[in-house]
Amino acid sequence: MSDHPDDLIAAARTIATHFALAAPIRDVKPFGEGLINRTYLVMTSGPSYVLQRINGHVFPNPNDILANLHQLNLHHRRQPATALQLPALVATGSGELGYQDRTGALWRMLEHIPGTRTLARLDHPEQAAAVGRALGRFHRLCADLSPAALARILPDFHVTPHYLEHLFLVLAERPELAQAPELRWASAFVRDRQRLAGLLEAGRAEGRLPERVCHGDPKLENVLFDEAGRQAVSLIDLDTVQPGLLHHDIGDCLRSCCNRRGEAGQGPSFDLDLCRGLLAGYAHATEGLLAAHEITLLYEAVRLIPYELGIRFLTDHLEGDRYFRVRRPGENLTKALTQFHLVVDIEDKQTEIKRLIAASFVTGAA
Ligand code: GN1
Ligand code: MG
């Protein structure tokens, strides 16, 4: 099959016919900005659907993703009072959770939640509070879903020391790759903060930080708002739902939502008003869920996740853009530098961020 967009759409359309849709297909088009999977919107004369080809290089056991999602869907259905919608899997005509094409790639179909849209950036603290509530509701929903019941989709996901070791390996094997001034700056930046990498992992290994069911990728792009852009009604992209630390989700959500410039933008700044809103919404929705010693480490998580993501972008740049989809050469490097500058800004605002964390969780007010 060719990689021409028209051919890819035609192939997706054929794949879509294998699923048990409520009405005949009218149109299929590329959808979203995901960096890993290929995603299409399938429009029918009735509801719309989201069709995805799971990236088999990133996800070696894609059937586990479908099994986890199925469990989550069942759990969600048992809790109808949860004020959060989640996209449900749509089975194939023969009742399978996904469809394997001739190349061995696994495709899955999800319901598209009508009347929703994503926001390119947050403009008001109330929107940030809505995101915080949505993430909190997700964690609350998953709090009585045993982590042991879910497959580990990516066992090393958010194990920052492993990303760090991998980067050091690449730099040691090919030192000539990192001679440009910005690359030297980036590797020095990473080395200077090495100790940060192990902070949460130590807590996890010693059992101080309990593993819970996490979303894994609660960036702004994965939050669905209502048409008015006020309420966050759903969290999507459930590929990385697996056991992890809530810190990873909270840190990821904050680093993404509070930087209005976006992941590919330059001159990032961590917006304290958005942070305040997000934390307040989250704390309100999860009252009593996090222990005091877990709350204490939240600041480190806010700093750690952009550090980790920057390492991941940087490593991928050095390795030839094999993991994250790029639109132009050098994009992964730009994104890495943006995440590192965001870390610097977060460090500059350390006192305020810590104060916001303490205040949100004490009052729990939204
Ligand atoms: C990737 O594919 P996408 O865009 O949903 C990545 C996340 C990163 C994110 C950064 C499985 O998610 O960890 O935070 O890009 N997902 C995976 O935009 O690596
Ligand atoms: Mg994702």
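Gln-339 is placed in helix α12, which spans residues 331-348; helices here are DSSP runs of H or I with at least four residues, strands are runs of E with at least two, and both are numbered from the N terminus. The model is a predicted one, in which local features need pLDDT of at least 70 and side-chain atom pairs count only at pLDDT 80 or more, while totals for chains, interfaces and linings use all residues. Residues are numbered from 1 along each chain as its sequence is written, chains are lettered from A and ligands numbered from 1 in the order in which they are written, and side-chain values use heavy atoms, with hydrogens and water left out.

With a relative accessible area of 0%, Gln-339 is buried (buried is under 20% relative accessible area, exposed over 50%, and partly exposed in between, with a 1.4 Å probe and protein chains only). Beyond its neighbours within four places in sequence, Gln-339 is in contact (heavy atoms within 4.5 Å) with Arg-255, Glu-263, Pro-306, Leu-309, Gly-310 and Phe-313. Gln-339 and Val-58 are separated by 281 residues in sequence and by 22 Å in space, C-alpha to C-alpha.

Glu-263, one of the contacts of Gln-339, is located in the loop between α8 (246-257) and α9 (272-285). Glu-263 counts as buried because its relative accessibility is 18%. Its side chain makes a polar contact of 2.8 Å with the side chain of Arg-255; a polar contact is a pair of N or O atoms within 3.5 Å, where within protein one must be able to donate a hydrogen and the other to accept it, and residues adjacent in sequence count only if both atoms are side-chain atoms. With neighbours within four places in sequence left aside, the contacts of Glu-263 are Leu-35, Lys-219, Arg-255, Leu-309, Phe-313, Lys-335, Thr-338 and Gln-339.

Glu-263 also belongs to the surroundings of ligand 1, a set of 16 residues in which the closest are Lys-219, Asp-237, Glu-263, Arg-312 and Tyr-323 (a residue is near a molecule or strand if one of its heavy atoms lies within 4 Å of it). This shell comprises 8 nonpolar, 2 polar and 6 charged residues, where Ala, Val, Leu, Ile, Met, Phe, Trp, Tyr, Cys and Pro count as nonpolar, Asp, Glu, Lys and Arg as charged, and the others, Gly among them, as polar. An oxygen atom of ligand 1 is 2.5 Å from an N or O atom in the side chain of Tyr-323. For Asp-217, the distance from a side-chain N or O atom to an oxygen atom of the ligand is 2.9 Å, and a polar backbone atom of Ile-36 is 3.1 Å from an oxygen atom of ligand 1. Of the 450 Å² of accessible area that ligand 1 has on its own, the protein covers 96%; accessible areas come from the Shrake-Rupley method with a 1.4 Å probe, and for residues only the protein chains shown count as cover.

Asp-237, which is among the closest residues to the ligand, lies in the loop between β10 (232-235) and β11 (242-244). Asp-237 has a positive phi of about 60 degrees, although it is not a glycine. Its relative accessibility of 26% makes Asp-237 partly exposed. His-158 likewise is not a glycine and has a positive phi, of about 65 degrees. His-158 is found in the loop between α3 (125-142) and α4 (160-173) and is buried, with a relative accessible area of 5%.

The largest nonpolar core contains 97 residues, of which Val-190, Tyr-307 and Leu-314 touch the most other members. Helix α11 (residues 298-318) gives the most to this core, with 11 residues. A nonpolar core is a set of buried Ala, Val, Leu, Ile, Met, Phe, Trp, Tyr and Cys residues joined through side-chain atoms within 4.5 Å. Leaving aside neighbours within four places in sequence, Tyr-307 is in contact with Thr-160, Leu-164, Phe-189, Val-190, Arg-193, Gln-194, Leu-196, Ala-197, Phe-340 and Val-343. Another core, of 15 residues, lies apart from the largest one and includes Ala-16, Val-28, Val-42 and Trp-107.

Arg-121 is situated in the loop between β7 (116-117) and α3 and, at 43% relative accessibility, counts as partly exposed. The side chains of Arg-121 and Asp-123 are joined by a polar contact of 2.9 Å.
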